[in-house]
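Here is a walk through one structure, from a pair of helices to a metal site. Keep the 3D view open while reading.

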Amino acid sequence: MSCCYVLDLRLTPQGVPASTYAYSVLREMGPGESLRIWSPEDPTLLMAQLQNHMRHTLVWHAATDGQGYLVTLHIRGPGEALALTDTLRRDHDDMDARLVRSLSLVNGGYWREAVSEVTAFDHALRAHILIENDLLAPLAARDAEEPTTLMRREHDDILIQLDAIQEVCAAPEESCKDLDTWLGLLAASLNKHEFREETLLFDAWERAASVGHGTLLNEVRRRLSSPAP
Ligand SMILES: [Fe+2]
Ligand SMILES: [Fe+2]
């Protein structure tokens, strides 16, 4: 597809959400390709939805002439690394998906599979928290002191919930009826926590990461992809 193709969201078929219409075009595109979208409304929410669908591979900016917004977007090619915060967003999405899978396995009565999925989720979340506490929190401690303190406190609470879930998983199956409740509580906490991080801290982390010429990003990527112990 040409980089000059413009998808006009005013032509979205009736009853179809704009994000669905835009995604129907985007999913036919490949890495390295570009698209312009004309949106009569502020495209921030739309782009957040499209980023989710596209696993945070989009680079985009929007300009407005007062009548609407022209979004220029590009799908990162294989050789183009994700930014630090896109990498972290993708990890948030992956963990959320694991948690949903765990819950549905528990609810479906697949106990052994559920415990294995919960264990993988536990390792991923603990590794993610360590990265944020060790590598990222110090970088933004001055820039974003209050949200950093809040983030650390929420991490402590989440770790306590993870310990409780591990205990439940280690118990005999017949005494584990509460696992879905524990997972549901954690899903609610995690959801709010990720949202706060993405809105209050990601900009500061991205700025700090841009100073280090990719060193920090490489370290985050290495630790996220390390196999669980
Ligand atoms: Fe976090
Ligand atoms: Fe996070």
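Angles between axes over 145 degrees count as roughly antiparallel, and those under 35 degrees as roughly parallel. Keep that cut-off in mind for this predicted model.

Start with the helix pair. Two packed helices are described by the angle between their axes and the distance between the axes. Helix α5 spans residues 145-170, and helix α6 spans residues 179-200. Their axes come within 10 Å and cross at roughly 160°. The two helices are therefore roughly antiparallel to each other. The crossing of α5 and α6 is left-handed.

Now look at the side chains between them. On the α5 side, the contact residues include L150, I158, L162, I165 and V168. On the α6 side, they include W182, L186, L190, H193 and E197. The residues of this contact divide into 16 nonpolar, four polar and three charged.

E197 leads on to the metal. Which residues donate to the iron ion (ligand 2)? The protein donors are H92 and H128, each through NE2, and E132 and E197, each through OE. They lie 1.9 to 2.2 Å from the iron ion. The four donor atoms subtend angles of 79 to 170°, so the arrangement is irregular. Along the sequence, the donor residues follow the spacing H-x35-H-x3-E-x64-E.

E132 lies in helix α4 (residues 111-140) and E197 in helix α6, so the pair ties together parts that are 65 residues apart in sequence.

Note on methods. Residues are numbered from 1 along each chain as its sequence is written. Chains are lettered from A and ligands numbered from 1 in the order in which they are written. This is a predicted model: local features need pLDDT of at least 70, side-chain atom pairs count only at pLDDT 80 or more; totals for chains, interfaces and linings use all residues. Side-chain values use heavy atoms; hydrogens and water are left out. Axes are lines fitted to C-alpha atoms, for helices over the stretch in contact, and angles run from 0 to 180 degrees between N-to-C directions. Helices (H or I, at least four residues) and strands (E, at least two) are DSSP runs, numbered from the N terminus. Angles under 35 degrees count as roughly parallel, over 145 as roughly antiparallel, 65 to 115 as roughly perpendicular and the rest as oblique. A crossing is left-handed if the near helix is turned anticlockwise from the far one by less than a right angle, and right-handed if clockwise. Contact means heavy atoms within 4.5 Å. Ala, Val, Leu, Ile, Met, Phe, Trp, Tyr, Cys and Pro count as nonpolar, Asp, Glu, Lys and Arg as charged, and the others, Gly among them, as polar. Donors are N, O and S atoms within 2.8 Å of the metal (3.2 Å for Na, K and Ca); water is not among the atoms, so sites may look incomplete. Four donors count as tetrahedral if all angles lie between 85 and 135 degrees; four count as square planar and six as octahedral if opposite donors are over 155 degrees apart and all others between 65 and 115; anything else is irregular.
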